Amino acid sequence: KFLKHKKMPTLAVTFVKGSNFKKMDTFGKSDPYVKAGVGTDKKKTKVIEKNLNPVWNEKLTFSVKDPAADYLNIVVKDHDKVGSNDPMGSTNFGPLSILPMGVPVEATLKLKNGGKGHITIRLTAQDFGWRKPQQQQYQQHPQQYQQHPQQYRQQHPQQGYHQQGYQQHPQQYQGQQQGNFYNNMVPQQPPMQVEHPLKKWFDGVDKDKSGVISAKELSSALSKTGINFSKNCARKLIRMFDKSGNSRLNFNEFEKCHNYIMVMQQAYNSVDTDRSGTLSYQEVSNALRGAGYRLGEQTLMKLFNALDSQKTGNLNLDGYIELCVFIGTATSIFKRHDQHKNGTAVFTYEDYIRNLSTFI
């Protein structure tokens, strides 16, 4: 069961700009505007005529019924004075509960479904979102995608690590179908150029020069940067981002994996309220409750102990990621079988076994 709010929370979105949009008109231009919505609350921006790189800087607000399940859906359209307005691509952002309360978060999203280019938006969760213990420390917009691999190291704010951007928690997995389950868990960025330092690092990890890396190579490479990732966690990360089904990551898949780890590390550091470098049971329990999950103490303790591989009574980053993946996946499976949305799921025996195989 998700947290219920006494009043309808709202999401403020500034549609900042678009870049490199598709040419729709005869003379090589387009008249783009944005049609966006959260659930049934839909709005649109002004039209920017004859421009493939429009700047709107227009702020719209949306009502949010369930932050843990709702997404901001975006469609860019070409305005036509005669005839219908043709779509130029679409994207989405969510679930909205990953946003910190009251802190503007800027994201650049890639247009999909036949679209071309990117759209930049700035979102502020009003009356909902992840509460941070010291709000004043988190006033910068996310720059996590500009970090080099060596910045994976688990640092904390007083040591020079700026906590900023997304508070990605297990609810990111909710409400999506298995086939495209992980496609939008982190905001997209423009395609990375070959000369980017991340590509050089990837090539160094790819010892056999096959163009892909295995779970063993990923685990070894991350360990060299200061993060002790178990092979089991590396396998789960590869399963999340491996779209070709070969249990390996090519560079594009690895780039998305890198971005996801950056987002998760920021969430991990915000949950680590005592700045110890690890998460206690109470810190994990508070994080899950803040994200809208109501697990019994015995259930959560069993999960916590199972992922505490070193039996220290604390979770490292890889254990926290595994916990988020497990709860998110299990929640998604449950919701697909909870047809009446009453907290009861019905499985056949074969469905039950097939869904359990997800965790093998």
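In this predicted model, Arg354 and Asp351 are three residues apart in helix H8 (residues 349–356), so about one helical turn separates them. Their side chains meet in a salt bridge, with 2.3 Å from N to O. Arg354 is partly exposed, its relative accessible area being 45%, whereas Asp351 is buried, with a relative accessible area of 18%.

This pair belongs to a set of four salt bridges that the structure holds. Another of them joins the side chains of Arg122 and Glu106, at 3.0 Å from N to O. Arg122 counts as partly exposed at 26% relative accessibility, and Glu106 counts as partly exposed at 28%. A further salt bridge links Lys43 with Asp41, whose closest N and O atoms are 2.9 Å apart; here Lys43 is partly exposed, with a relative accessible area of 28%, while Asp41 counts as buried at 18% relative accessibility.

Helix H3 (residues 231–241) packs with helix H7 (residues 317–337) at an angle of about 45°, and their axes lie 10 Å apart. That angle makes H3 oblique to H7, and H3 passes H7 in a left-handed crossing. On the side of H3, the contact is made by Asn232, Cys233, Lys236, Leu237 and Met240, and on the side of H7 by Asp318, Ile321, Glu322 and Val325. Sorted by class, this contact of H3 with H7 has five nonpolar, one polar and three charged residues.

Notes:
Residues are numbered from 1 along each chain as its sequence is written. This is a predicted model: local features need pLDDT of at least 70, side-chain atom pairs count only at pLDDT 80 or more; totals for chains, interfaces and linings use all residues. Side-chain values use heavy atoms; hydrogens and water are left out. Axes are lines fitted to C-alpha atoms, for helices over the stretch in contact, and angles run from 0 to 180 degrees between N-to-C directions. Helices (H or I, at least four residues) and strands (E, at least two) are DSSP runs, numbered from the N terminus. Angles under 35 degrees count as roughly parallel, over 145 as roughly antiparallel, 65 to 115 as roughly perpendicular and the rest as oblique. A crossing is left-handed if the near helix is turned anticlockwise from the far one by less than a right angle, and right-handed if clockwise. Contact means heavy atoms within 4.5 Å. Ala, Val, Leu, Ile, Met, Phe, Trp, Tyr, Cys and Pro count as nonpolar, Asp, Glu, Lys and Arg as charged, and the others, Gly among them, as polar. Buried means under 20% relative accessible area, exposed over 50%, partly exposed in between (1.4 Å probe, protein chains only).
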